[in-house]
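I opened my notebook to look up a few things in one structure. I wanted to go from the whole chain down to single side chains.

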Amino acid sequence: MPGSATGPRLAYRLKRNGVCVNPVAAHSTQAPGEPIPAVQLATLRSSREIVLSRLTRMSLADAPRQKPDAVPASPRKP
């Protein structure tokens, strides 16, 4: 349904000679990249973990907080 988006979206478009092409088909015809050297792989993984943990903290901090009355009451024990 147009106009019923619930949040931001990302549009990934790939153009070749000014014309949009299917990115999956275009990437599948490219030669694979060179692997990351083992010497640099540990640094890459460490940096990735730092960025992901920051993103997680940011998204949790920006999340709307529930009002106390929005939390369902637990049943009372007799």
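I started with burial: 3% of the chain's 78 residues count as buried. I noted at once that this is a predicted model. Next I looked up the surface. The chain exposes about 8000 Å². Carbon and sulfur atoms supply 60% of that area.

Then I turned to the secondary structure. I found two helices and two strands. I wrote down their order along the sequence as β-β-α-α.

Which residues make a nonpolar surface patch? I listed Val51, Leu52, Leu55 and Met58. Their patch covers about 360 Å². I placed Val51 in helix α2, which spans residues 38–62. Is Val51 buried, exposed or partly exposed? Its relative accessible area is 44%. Buried means under 20% and exposed means over 50%, so a value in between is called partly exposed. Val51 is therefore partly exposed. A patch residue needs over 30% relative accessible area, and Val51 has 44%.

My last entry is on charges. Side chains of opposite charge can pair when their charged atoms come close. How many salt bridges does the count give? I noted one salt bridge. The side chains of Arg48 and Glu49 meet in a salt bridge, at 3.4 Å from N to O. The cut-off for such a pair is 4 Å. I checked the exposure of both partners. Arg48 has a relative accessible area of 45%, so Arg48 is partly exposed. Glu49 has 45% relative accessibility and therefore counts as partly exposed.

How values were computed. Residues numbered from 1 in each chain as written. Predicted model: local features only at pLDDT ≥ 70, side-chain atom pairs only at ≥ 80, totals over all residues. Heavy atoms only, no water. Patch = residues over 30% accessible without salt bridge, like charges linked within 9 Å, V, L, I, M, F, W, Y side chains within 5 Å. Areas by Shrake-Rupley, 256 points an atom, 1.4 Å probe, with all protein chains shown as cover. Helix = DSSP H or I, 4+ residues; strand = E, 2+ residues; numbered from the N terminus. Buried < 20%, exposed > 50% of the residue type's maximum accessible area, 1.4 Å probe, protein only.
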